[in-house]
Amino acid sequence: MQKLIKIINKLQDVFAVVDGLQMVDLPQIVVVGTQSSGKSSVLESIVGKSFLPRGTGIVTRAPLVIQMIKYTEETRKSMLKSNNIKDTENIQEWVEFLHKPNLYYVDFDLVRKEIEDKTNSLAGTNKGITNKQIVLRIHTNRYDLTFVDLPGITKVAVGDQDDDIDEQIQKLILSYVKQPNSIILAVVTANTDPSTSESLQIAKKWDPHGIRTIAVVTKLDLIDKGTLQDTKDLLCGHKIPVKILDVIGVVNRSQKDIVENKSMDSALSAETEFLKINYPDIYKKHGNKALVHTLQMVLITHIEKVYPQFRAELEEMKRKLEKQHLPLYKPDEEISFLVGLLKDISRSYEDTMHGNQDDVSIDETIGGGSIARTFQHEYLKRINVIDPLQDLSDENIANILSNTSGIYQCTFVNEKGLQKILRRQLNYLIEPSLDCVALVSSDMLKVLNSIDVNLLDTLRRYPKLYEDVRKVFEKLLEENVNNIKEFITSYIESYQEYINTANPDFISEIVKSDDTIQDEILAAVNIKKHESDYKPELVLNSTGMPIFPIPDRMAQTDRLKTVRTHMLKQLLSGLNNQDIPLESSEQIKLHKYLSQCYFEYIRKIVRDFVPKRIVHKMVNSFLKNLDKRLNEEIFQTYLKENKIGEVLIEDESIINERKDVEIKLDAVGKALKIMVDIRNS
């Protein structure tokens, strides 16, 4: 028994220094009850000393871990000797606090004051609460036992307390009772309806099967004599609205007894007498002695039950903490660490771009895959939807052709006009191409946040280094972006400056174009076609002259002359002939369709060229120079200035995180050693 409780005591000591709520689910007894339910009296009766702070409102404002340790005579003499206390003073109990090691208290009034002082230092003096534990060891000649006294449940804030003090207390209590390894000691007053008991409601929620709840019924001496049978039913568990391990009634010292300093032994004797008189057939199962015995048996049984699993959980927690601590280590050799880190960043970045990373993301497209999507889904979509004749009306074409002809007649194909039209229209290819460069640049910068997660976590530990690395990335990208934007713009402008309509690929584009477009272009230079349109029934003889019926011969001949005259006039006089409507102008149609075909011809070239150029002169160039630039602009710079230490200054949150992990890791390590040492002793 002593071994198992010693383990819990030592584990409580170990984990009490860990900040925050309980780190592990310790097998321990947690005491829950409302204010004025008699919690303090129950605990003092168990301990056999009056040592807890008393008063109105919330008295217990921090989890108070009370460890009762049954000492040996050898231990007692050692304590007396180390504190220069004579054995004649009959010291039978003494206390030490975890926060004041090697300092012993034999005056329990001073123990009460130290609890009050420590509570104020942790929770403030305005009746607030804290989740930080106060651990005290009570060395006694009675028995081994350990329990945690929690703040009393309340609904109303008093004094300077926060308005949500009830929620804060509930949250603190739940952090203990919801742990499967906690035994819930629910304190209930005999003169209240147990169905409304806050402590029992909490137990019902978090221990619905009642396998780890004990109810303590207090203030039996304050109930009306006429309700003894009801109280007996309560003590026998008949009126408890939840399943529990046991119900134990107790009679503690009254306020009058406390004021008169009635001894604990006298109070226990009075309790036994009261129970014999009022509950003669069940009195042996109740009272503080029965409560202590039950708590000991339940705690030991519970520890034995959960011990193997608890140890396994600690070992798993140790592995997780070691893994968490690994990327937080502080390098011993800063120079080699920095060189290695920069090289690893460059290598991981390149692997991510080429799809060679170890951990492939399933949540998003990153790296080279993201850039490929930009080409396929952003760039091609934008460039393919451009209308070759965007913002170009027949009137616009007419004006361009007229203005480029000057005082001369515009005949057949106006090369200057066609060049002006195409220069204007090809300009629409520049913006989406440059936007593609910007999108790829943005994708490449995002890749820095997608490199190996351990490398990224290490890099982020050092704000100055992280900032400098990003600056190198941004600077190198900006250089590549500016160069490639200039090149792409110049590349498209070269097609605007020189229109090569004799290029076989352009002719091929016309051939592959829409039948209507081909017909219109050919029709513009095919007078015979127009003659057929005007006289589809016309038949020519062997000399090329039309054959008409005799009566109509002269009329048809005149008509043919009119058609030819009209077509020649349109082709030779062009747009200077105001008699021809714009929409029927063959010259406008010709330039419109030539522009459309040439635009398509150049669009195919540009949409194939731009992604290739970006990959070649932007992506690959960036990857080729990244490692060198990181070394030159970060490592070499700080090395020359002897400032390596400055770039490796950690973020304060990382320092705190490492300290927190190291404290927890140390606590778990000590806990495992304690479990092994005590178990094997």
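User: Are Tyr349 and Phe473 buried or exposed?
Analyst: In this predicted model, Tyr349 is buried and Phe473 is buried too, where buried means under 20% relative accessible area, exposed over 50% and partly exposed in between, with a 1.4 Å probe and protein chains only. Local features need pLDDT of at least 70, side-chain atom pairs count only at pLDDT 80 or more, and totals for chains, interfaces and linings use all residues. Residues are numbered from 1 along each chain as its sequence is written, and side-chain values use heavy atoms, with hydrogens and water left out.

User: How many aromatic pairs are there in the whole structure?
Analyst: The search finds 10 aromatic pairs, counting rings of Phe, Tyr and Trp (its six-membered ring) whose centres lie within 6.5 Å, with planes under 30 degrees apart stacked, over 60 edge-to-face and the rest tilted. The ring centres of Tyr349 and Phe473 are 5.1 Å apart and their planes are at 70 degrees, so this pair is edge-to-face.

User: Which parts does that pair tie together?
Analyst: Tyr349 lies in helix 11 (residues 334-354) and Phe473 in helix 17 (residues 463-497), so the pair ties together parts that are 124 residues apart in sequence. Helices here are DSSP runs of H or I with at least four residues, and strands are E runs of at least two, numbered from the N terminus.

User: OK, switching topic: which residues form an aromatic cluster?
Analyst: Phe487, Tyr491, Tyr495 and Phe609 form one.

User: And strand 1, what's it like?
Analyst: Strand 1 (residues 28-32) is mostly covered, as five of its five residues are buried.
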